[in-house]
Amino acid sequence: MIEAKTFKEEILNLLDVLYDSQKDNLEAVAVAFKECIEKGGVIHVFGSGHSVGLGIDIKDRVGSLVPIHIMDMSDFVTKGGVPLEEFMDRKNIFERRPNVAGKLYELYETKPEDIFVVISNSGINGIVIDIASIAKNNGHKVVIITSMKHTLAEEPRHPSGKKLYEFGDIVIDNCGPHGDALIPTDGVAKVCSVSSICNNCIAQSVAARTIEMLIEDNYEPLPVLNGDEDHDSKIKELYKGRI
């Protein structure tokens with residue numbers, strides 16, 4: 001029987017595994033974020049499907065870091081000139097296509113000190129791998145967030161034969177199960193997908209540690225939203241056109 005508390009117990013156990021196994025990688029990403037911000041850089045976050053939630057969870061909210069830029073798949077249409085019909089083609093799914101990511105990268109202003117965070121549970125689709133590859137080839141540090149159980153159980157789809165984690169300078173395993181659903185049932189299916197929760201916990205933990213280190217370094221102005229309209233608009237102005 002699956003009770004309401006079943007999920008709570010299972011996800012808390014999974015998060016314990018995540019934090020115990022990934023603590024060094026979480027710290028490494030926070031250090032990288034801190035150094036990026038202190039050099040005037042921006043953190044570009046890219047994920048397709050549900051993975052985009054990681055960026056949404058740590059951007060434009062009270063207490064969040066300001067220099068976060070979400071690379072939005074819809075920008076292919078709104079800024080990149082891709083016809084909506086092509087973008088929505090379910091027979092040739094856009095996020096699985098190789099060799100289209102360069103158009104997205106070129107839509108944004110980037111600097112060498114910028115960091116790219118690329119998220120994909122499976123880590124096998126064309127566009128996420130291409131974004132990570134392009135960023136790496138342009139000298140950016142690349143952070144990958146993926147499920148190692150999931151990605152290692154799948155065959156690569158990319159023409160290179162590689163998977164997303166192979167392009168990371170730092171790789172965080174969200175420790176989710178293959179297929180994402182966590183809880184077995186009496187039937188053939190599992191239920192309750194967990195990657196969004198795990199990814200958002202990763203994002204918020206890294207953001208908190210980054211802010212702590214910026215405070216320790218007496219970095220000013222601290223690029224954190226505090227809910228005051230005048231303060232927040234001045235901080236955002238420092239990154240105008242980049243976030």
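Ala, Val, Leu, Ile, Met, Phe, Trp, Tyr, Cys and Pro count as nonpolar, Asp, Glu, Lys and Arg as charged, and the others, Gly among them, as polar. Keep that sorting in mind for the pocket below.

This is a predicted model: local features need pLDDT of at least 70, side-chain atom pairs count only at pLDDT 80 or more, and totals for chains, interfaces and linings use all residues. Residues are numbered from 1 along each chain as its sequence is written, and side-chain values use heavy atoms, with hydrogens and water left out.

Start with the largest pocket. A pocket is found on a 1 Å grid over the protein atoms alone, as an open set of points where a 1.4 Å probe fits, with protein on both sides within 12 Å along at least five of seven lines; lining residues have an atom within 4 Å of a point. The largest pocket holds about 360 Å³ of space; that volume is the space filled by probe spheres set on the points, which are joined across faces, edges and corners. Its lining has 20 residues, and S48, S51, S120, N121 and S122 lie nearest the centre. Three residues of the lining are nonpolar, 12 are polar and five are charged. Helix α8 (residues 195-216) gives the most to this lining, with three residues.

Now turn to strand β3 (residues 115-119). Helices (H or I, at least four residues) and strands (E, at least two) are DSSP runs, numbered from the N terminus. Buried means under 20% relative accessible area, exposed over 50%, and partly exposed in between (1.4 Å probe, protein chains only). Five of the five residues of β3 are buried, so the strand is largely enclosed by the rest of the structure. I115, V117 and I119 point one way, while F116 and V118 point the other way.

What does β3 pair with? Two strands pair if DSSP finds at least two bridges between them. Five bridges join strand β1 (residues 43-47) to β3, and the two run parallel. Here F46 stands opposite V118. Five bridges also join β3 to strand β4 (residues 141-146), again running parallel. In β4, K141 is the bridge partner of I115. From β3 the chain crosses through helix α6 (residues 126-137) to β4, in a right-handed β-α-β crossover. Right-handed means that, with the strands pointing away from the viewer, the path from the first strand over the helix to the second runs clockwise.

Last, the cysteines. A disulfide is a pair of cysteine sulfur atoms within 2.5 Å. The structure holds zero disulfides. For C192, the nearest cysteine sulfur is that of C198, 12 Å away. The sulfur of C198 is 6.7 Å from the closest cysteine sulfur, in C201, too far for a bond. C192 is partly exposed, at 31% relative accessible area, whereas C198 is buried, at 0%.
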